[in-house]
Amino acid sequence: MIGNKGVAKTVVGVENTAKAVGSGSLEVFSTPMMIALMEQAACVALADVLEVGQSSVGTQIAVEHTAASAVGANIVATATITAVDGKKISFEVVANDDKNQIGKGTHTRFIIDIERFMAKVGN
C-alpha cells in the first residue's frame, strides 16, 4: 500500500474560487477547494485496497497554499501513501496548476466500517 498514488483534477471556475466559497474576496482557486481535491486524490489512492463495506474518513490535513491559480487553470492534486499504521493511513499531498506547484502538505485518513461509523452518527 505504501507508495500508492491517487490523482484528482479540476478546472478553476467561478464556483470554486475564494470569492465564491467565502474564503476570500478574489476570483482565484480557493484553499478549501484545493484541500478537497487533495482529499479526493487520497480517496483514489485507497480505492483499490478498501474492502466491501469500508470507506475512509479524513482526520487531519496540514497544507500550505503557496501560489494563486486563475479561473481557467487546470489543477491536478496527487496523494501518495507514505505510512500505514493499522487503519491509519498517512499521505503526502501536492497540487499543481498549469505552471507551478500551488500547494503541498500531509493528510491522514482512517479506514472505517461504513455501517458501524454511520450507526455512531445516528444514521
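His-107 counts as buried because its relative accessibility is 2%, where buried means under 20% relative accessible area, exposed over 50% and partly exposed in between, with a 1.4 Å probe and protein chains only. The model is predicted, so that local features need pLDDT of at least 70 and side-chain atom pairs count only at pLDDT 80 or more, while totals for chains, interfaces and linings use all residues. Residues are numbered from 1 along each chain as its sequence is written, and side-chain values use heavy atoms, with hydrogens and water left out.

His-107 sits in strand 5, which covers residues 101–113; helices (H or I, at least four residues) and strands (E, at least two) are DSSP runs numbered from the N terminus. A polar atom of the His-107 side chain lies 2.8 Å from the backbone oxygen of Gln-60, and the side chains of His-107 and Arg-109 are joined by a polar contact of 3.1 Å. A polar contact here is a pair of N or O atoms within 3.5 Å; within protein, one must be able to donate a hydrogen and the other to accept it, and residues adjacent in sequence count only if both atoms are side-chain atoms. When neighbours within four places in sequence are set aside, the residues in contact with His-107 (heavy atoms within 4.5 Å) are Glu-39, Ala-42, Gly-58, Gln-60, Ile-61, Ile-89, Ser-90, Phe-91 and Val-93.

From this residue we turn to the whole chain. The protein chain holds 3 helices and 5 strands, and read from the N terminus its elements follow the order β-α-α-β-β-β-β-α. Among its contacts between residues at least 6 apart in sequence, 64% join residues at least 24 apart. The radius of gyration of the protein chain, taken over C-alpha atoms, is 15 Å, which agrees with the value near 14 Å that a compact globule of 123 residues would have; the globule rule is 2.2 Å times the number of residues to the power 0.38. Along the principal axes, the C-alpha atoms fill a box of roughly 40 × 35 × 20 Å, and of the 123 residues, 32% count as buried.

Two serines in loops are also buried. Ser-69, in the loop between strand 2 (54–65) and strand 3 (74–85), is buried because its relative accessible area is 2%. The side chain of Ser-69 makes a polar contact of 2.9 Å with the side chain of Asp-97, and Asp-97 is also among the residues that Ser-69 touches once those up to four places away in sequence are not counted, the others being Val-12, Val-28, Phe-29, Ile-75 and Ile-102. Ser-30 lies in the loop between helix 1 (18–21) and helix 2 (31–46) and is buried because its relative accessible area is 1%; leaving aside neighbours within four places in sequence, Ser-30 is in contact with Asn-16, Thr-17, Ala-18, Val-21, Ser-23 and His-65.

Glu-115, which belongs to helix 3 (residues 114–120), counts as exposed because its relative accessibility is 68%. From C-alpha to C-alpha, Glu-115 and Val-76 are 32 Å apart in space, and they are 39 residues apart in sequence.
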